[in-house]
Amino acid sequence: MAKRKKENNPPLKYILQQALDALNPNDPEVTKLTAELKCPPLLSHYATLSEWQFGLDKLLNYSKILKKPTSKISRARIVYLVDIDTFDIQPYRQKSKDGITWSKGTAVSMSSFAEMLPEMDEADQIAAAKVVRVNSRVARLRGVEVLYELADTGRTFLMLEPEVPFEIHRDRLRIEVKKDSGGSYETTTNIDFAENLRTDPHYAFKLDGSILTIYKITDKEHKVLELLNNIRKLPGEAKSKLAEILENISGEIPVSSELLKSSSGLEALKASSKITFQIIPDSSATEFNVRAFVRPAEGCELTVAPGEGLDTLAALVKRKPMRILRNLQAEKANWEQMSEKLEEFSAWEGGDRLWTLDTMRCLEFMETLREASKIADIEWPEGAKLTVRRAPISFPDLRLKVNSVDRWFSLDGTVSIDGKTQLKINQILDKLKDRVGNFIHLEGSEYVLITNKLLKQLEILEDVSSKKKDELLISKFSGTALEALKENGSEVTGDKSYENLQERILKAQEIEFFIPSGLEAQLRQYQREGFEWLMRLCTWGAGGILADDMGLGKTVQAIAVLLGRKILGSSLLVVPTAVLYNWKSEMVRFAPGLRFADFNSGNREEILKNLKDYDVILCTYGVLNTEIEALCKVEWNLAVLDEAHAIKNKATQTSHSVMKINAQGRILLSGTPIQNDLSEIWNLFEFANPGYLGSYQQFGDRFILPIEKKKDKEKQHLLKQLISPFILRRTKAEVLDELPEKTELIVPVELSEEEMAIYENIRTRTLSGLQSEKINPIEALMALTKLRQAACSPELVDKHLTIPSSKIRVFLELVSELKENKHRALVFSQFTSFLALVRQALDKAGIEYLYLDGSVPAAQRKKLVETFQNGDMPLFLISLKAGGTGLNLTAADYVIHLDPWWNPAVEDQASDRAYRIGQKRPVTIYKLISEKTVEQKILELHKTKKNLADALLEGSDVAKKLSKEEILELLQLS
């Protein structure tokens, strides 16, 4: 089938101009004709253009197109799906917003493709010119000739697997002549694979999986091949003539043979033994194919495998035939060295010295090559290049100057690159945002590596700093980040205020803190360490969060600090109402010499007036809110917040109040510093060390969004690294060997048909409403609460329903067994309405119990705890919210959770009322779970989504708030 020729007919305007040339108004014949007809020529108003004028107009029009600015990012491209059996090719048009991520694409008709599209580059245009029309309706694009033009574009993919790249590489014919053991000469070529040779003499190809190598063969090369086929093996006496032939054809075809060693007709050249790494980017420059070979000489088209083949070649070098003498041993040694250096990239190696790398890996690969520049070269195609030529930036290259500005430090400084180019510290931190791995972009195509250790420190600096106009500011609590730079070799100088702070920090590390003599308690080793850690932080003016597991004695550690610092003035202790009496009794018990005043019940005005008479002012969060204006006028020695998660929400009045407290040291106590999301840890730190984690907006951008939404593990690790100096958490498993065994068991509850019908009615209505968007996610969450209540008892859904509760039946059976075996249990539910139904069932069964919820006054709460601890009451029913904190109930050896809560940490906190210091018996925890309900789904969430405290304090995955998709998942059938 003949190829369709592209028509190039002149436009109508040009034809008219030619006609006008023929009808020149100055021509005598035209003048005569005008006079006879008494009218001018109809086309006389058209100007006549010469060919050069017409050509100039075309150039002007094209220059206007060139004048228009082109986008730096390609928004559209042509890709090709290739059938590797037939070599049929289908062009597709893809779109992109960023030039990196591309759409699946839409097929381009052959007629549109042949007529050219705006996004086509030179390779596309050449391919379009090769479209062949089969008939008036059908056109096709096929063959090795087309694929040769698309080689190394990075835009060819498999027809049957469009996500898999189809790599196409170009090569050329080479001839090799070897002498065999019998003295004969054997001639071979690098395309001796007869089954793949095409009938078209100008191309040969080799298909290896999804990698195609194409050899374009010229007419001269084809002729040589034809002649060689008849004389593949020659006797020894053909040596001189064969040597002459090889010498003659080396100007057209690269030749490898020992016969050329003594050739006098070719100038000798000592070959390079360096390993060349050719890097070919795809069209979006986000993936790079790297091939390794030896290029014996600069300007030589020929490439060879390192250490393989013969040691003498003949080929064109800068268009001149040369005899190239290789050092095979040196090539092999260089390749072995490079193979060892590139071992870390083995996961991206495809065999035959070929790697496929993303941008980050490519830059790392190039840094390895830069370090081995004596034995390795990098080769790029024309116009495509990344450059890594400077030594990595390390600590000694950084110089910082620190000045005090109010409660902030202002930073100025430079980073020296190769001792020549200098960047301001602001510029370096800005460049970190767009870094590729450990590489930052300098200018043009150039990147430079930052050593891993320095990069981590700079990331910390970037995440604790703020910009105010052109000034870089960090909180004074971030001084340790600057000292870490200094300790590793950076030059950090500061003003007097900065140096004084560093001196205080250093002295605090050297001081030996002794347990106060007035403490009536024998502290365990981990408690002593907690006391010393808090004292050290407070000594240099920083705040800390003691986040020990429930039951590990945070109270006694805090009392030891209050006692140890009482000489420095009065301290403010803020606690929930529920634990007020507990704190008073614990201070009397552990520190009888500590003078304290109950700000809740005492004369507040008198207490503040005679503040010097007290070491500690005990105050609840509620009273703090009403008296904050008076309390914030005092400069407290210490401010201690118990159950500090009470201030987790920055929008609450309690949070606003505590932020006004003025104290030299700040201590927060919480076994669950993060219950729901990362914003909570920011608010706790804003009290402990104001400004340390930046503004809330900065914290959201730097950590909340990357960690919670994008699951960025690096950012999660970095945040953990940032907060770890100011947060201390120990678990029971880590520090308490003497605690007995704890067992957790799931007790399945099968709901009756009537209960399931009620449950399913709520579930299907909610699912349908959410899917059709008739209800919003907030309404769906309310419906989830109804579902959880339905899983407990139909009466919680509608008080008029008299259907028996299967869960209460199972609970009574369990309680009967526990009573019979003389066990005592804590019973938790988050629904006080469900506890009311349980109480009715226990009363009816004649089983005694104690009851506690949030409505019980603090004094009565204390009596209930003492009654349970000192008596033999079998059950203590407690609402989850009221019983999560401040209770020591080690008299129980069983815990029953009547219903699951979203966050397992809250359940654990409640269970730890029994499983804590002082517990001598094994503890068993039962969880009553209704089958085929949302309760089972909640347990699955417990397994797959660890809470934020684990993520930051112990390195687990991050939990996040329920999204619409997660609510839908909860509403699906189990």
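Visitor: Which side chain of opposite charge is nearest to Asp-853, and how far away is it?
Guide: Asp-853 is buried, which means under 20% relative accessible area, where exposed is over 50% and partly exposed lies in between (1.4 Å probe, protein chains only). Lys and Arg count as positive and Asp and Glu as negative, while His and the chain ends are not counted.

Visitor: Before we go on, what should I know about the model itself?
Guide: This is a predicted model, where local features need pLDDT of at least 70 and side-chain atom pairs count only at pLDDT 80 or more, while totals for chains, interfaces and linings use all residues. Residues are numbered from 1 along each chain as its sequence is written, and side-chain values use heavy atoms, with hydrogens and water left out.

Visitor: Which side chain does Asp-853 join in a polar contact of 2.5 Å?
Guide: Asp-853 sits in the loop between β38 (850-852) and α30 (858-870); helices (H or I, at least four residues) and strands (E, at least two) are DSSP runs, numbered from the N terminus. Leaving aside neighbours within four places in sequence, Asp-853 is in contact (heavy atoms within 4.5 Å) with Thr-832, Ser-879 and Ala-882. A polar contact is a pair of N or O atoms within 3.5 Å; within protein, one must be able to donate a hydrogen and the other to accept it, and residues adjacent in sequence count only if both atoms are side-chain atoms. The partner in the 2.5 Å polar contact is Ser-855.

Visitor: How many salt bridges does a search of the whole structure find?
Guide: Side chains of opposite charge can pair when their charged atoms come close. Asp-615 lies in the loop between α18 and β32 and Arg-595 in the loop between α17 and β31 (596-598), so the pair ties together parts that are 20 residues apart in sequence. The search finds 43 salt bridges.

Visitor: How many residues apart in sequence are the parts tied together by Arg-435 and Glu-714?
Guide: Arg-435 forms a salt bridge with Glu-714, the closest N and O atoms being 3.2 Å apart. Arg-435 is in the loop between α11 (425-432) and β24 (439-441), whereas Glu-714 is in helix α23 (residues 713-723), so the parts they tie together are separated in sequence by 279 residues.

Visitor: How wide an arc do the buried residues of α19 cover around the axis?
Guide: In helix α19 (residues 621-631), the buried residues are Tyr-621, Val-623, Leu-624, Ile-628 and Leu-631. They lie on the same side of α19, because the arc they cover (taken from the directions from the helix axis to the C-beta atoms) is only 150°.

Visitor: And which elements do those buried residues pack against?
Guide: The buried residues of α19 have several partners, β32 (616-620) and β33 (635-641) among them. The others are β30 (571-575), α18 (604-609) and α20 (653-658).

Visitor: What is the phi of Arg-353?
Guide: Most residues other than glycine have a negative phi, and most peptide bonds are trans. Arg-353 lies in the loop between α9 (328-341) and β19 (354-358), and counts as buried at 17% relative accessibility. Its phi is positive, near 60°.

Visitor: Where is Leu-260 relative to Leu-246, C-alpha to C-alpha?
Guide: Leu-246 is in helix α8 (residues 239-249) and is buried at 3% relative accessibility. Leu-246 touches Leu-260, and also Val-177, Val-255, Ser-257 and Leu-259, not counting residues up to four places away in sequence. Leu-246 and Leu-260 are 14 residues apart along the chain, and their C-alpha atoms are separated by 7.7 Å.

Key
A salt bridge is a side-chain nitrogen of Lys or Arg within 4 Å of a carboxyl oxygen of Asp or Glu.
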